[in-house]
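Have the viewer ready and follow along.

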Amino acid sequence: MTHSDGIVKPKTRRSKRFLQSREPKLIENLKNSMIIKGGNTSETLSQALKDVYALKKPNAVLYKKKNMVRPFEDSTALEFFSKKSDCSLFLFGSHNKKRPNNLIFGRMFDFHVLDMFELGIEKFVSLKDVKNDTCPVGTKPMLVFAGELFDTDREHQRLKNVLTDFFCGPRVSAVRLAGLEHVLHFTALEGKIYMRSYRVLLKKSGCRTPRIELEEMGPSFDFVMRRSHMASDDLYRTAHKKPKGVKPKKKKNISHDAFGTRFGRLHMQKQDLNKLQTRKMKGLRKRRGEEPAESASPKTPRTESDV
């Protein structure tokens, strides 16, 4: 039921729970992705969308029907699908003569398009073409970004941020060694983006730490950068703003390094080391009649006048 002021009020308990799940939260839910086909698609593009969906399961929704959407001209339809499926990330595939085998990676903020990048597929190897074992569904991948452009070029920096958002998976508090099974490697070189997918193999090494080997799993892509739409700096800062309830309270004398290791500083009173109790040894015992070095009077040096 919708009132004149635009506020939706639930009629049943089920609808009340549904609306509560969509309300803004201090700690947001896991970001889901929607994978959408455009009006025209090729066989290569359809298989590419299926393979990315296989990497993203179960946190993704695959739209099997074709949708006449042009995200760079009008993003209204994408925003409608985002609100309907409660997805803040999207991958859109389209194919035409001018831009063949097109993939658009993007994300939403408040159900409006924030950033999106158009990448053209130049070379593609599918999951089914690689005859190796794959990782279990829902495996959290390790992301590796190589290439100077990811650190120096503003457009590539934002693309790196979008790809991290898209493929990072659920947040976890602890990781076990056997759970590190999947690696996604992105390389930026000469205007192209190379995406490779590897399975981590733990081999015997003769010691406690296993020997690591990487086995190509698929899919693999050779992308070329095409169009992009980036949010303004003000909107980008607004999207990354943290509410007061989430910000940790600053504690005195506690600091963290770049890896998140916590360091603490202790303030103590000045200690008298002469009274420090050390290990008792026979060689360190004081003998009777022995004076300490400080109390003993120093001998005066002999001068010529004394002779």
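Let's start with helix H3 (residues 76-85), where Leu-78, Glu-79, Phe-81, Ser-82 and Ser-85 are buried. Those residues span an arc of only 160° around the axis, so they sit on the same side of H3. The arc is taken from the directions that run from the helix axis to the C-beta atoms. Buried here means under 20% relative accessible area, exposed means over 50%, and partly exposed is in between (1.4 Å probe, protein chains only). Helices (H or I, at least four residues) and strands (E, at least two) are DSSP runs numbered from the N terminus. On the face of H3 turned away from the buried side you'll find the exposed residues Phe-80, Lys-83 and Lys-84.

A word on ground rules: this is a predicted model, where local features need pLDDT of at least 70 and side-chain atom pairs count only at pLDDT 80 or more, while totals for chains, interfaces and linings use all residues. Residues are numbered from 1 along each chain as its sequence is written, and side-chain values use heavy atoms, with hydrogens and water left out.

**Rings**

How many aromatic pairs does the structure hold? The count is 11, where rings of Phe, Tyr and Trp (its six-membered ring) pair if their centres lie within 6.5 Å; planes under 30 degrees apart are stacked, over 60 edge-to-face, and the rest tilted. Take Phe-145 and Phe-186: with centres 5.1 Å apart and planes at 15°, the pair is stacked. Phe-145 belongs to strand E6 (residues 142-146) and Phe-186 to strand E7, so this pair ties together parts 41 residues apart in sequence. Phe-186 counts as buried, at 1% relative accessibility. Phe-186 also pairs with Phe-167, and because the centres are 5.9 Å apart and the planes at 40°, that pair is tilted.

Lys-56 lies over the face of Phe-166, 4.9 Å from the ring centre, and Arg-158 lies over the face of Tyr-236, at 3.8 Å from the ring centre. For this, NZ of Lys or CZ of Arg has to be within 6 Å of the ring centre and within 35 degrees of the ring normal.

**Salt bridges**

A search of the whole structure turns up 14 salt bridges, each being a side-chain nitrogen of Lys or Arg within 4 Å of a carboxyl oxygen of Asp or Glu. Here are some of them.

| Pair | Closest N and O atoms |
|---|---|
| Lys-31 and Asp-165 | 3.0 Å |
| Asp-151 and Lys-160 | 4.0 Å |
| Glu-215 and Arg-199 | 3.5 Å |

Glu-215 in strand E9 and Arg-199 in strand E8 are 16 residues apart, and their pair links distant parts of the chain. Glu-215 is partly exposed, with a relative accessible area of 24%. In the Asp-151 pair, Asp-151 counts as exposed at 54% relative accessibility, whereas Lys-160 counts as partly exposed at 28%. As for Lys-31, a network of salt bridges links Lys-31, Arg-107, Asp-115, Arg-158 and Asp-165.

Most residues other than glycine have a negative phi, and most peptide bonds are trans. Which peptide bonds are cis? Lys-57 to Pro-58 is one, with omega near 5°, and Gly-218 to Pro-219 is another, with omega near -5°. Pro-58 lies in the loop between helix H2 (43-56) and strand E2 (60-66), and Pro-219 in the loop between E9 and strand E10 (220-229).

Positive phi values show up as well. Just after H3, Asp-86 takes a phi of about 55°. Asn-101 has phi near 50° and sits in the loop between strand E3 (89-94) and strand E4 (102-109). Asp-110 has a positive phi of about 55° in the loop between E4 and strand E5 (112-125). Buried or exposed? Asn-101 is buried, with a relative accessible area of 14%, while Asp-110 is exposed, at 56%.
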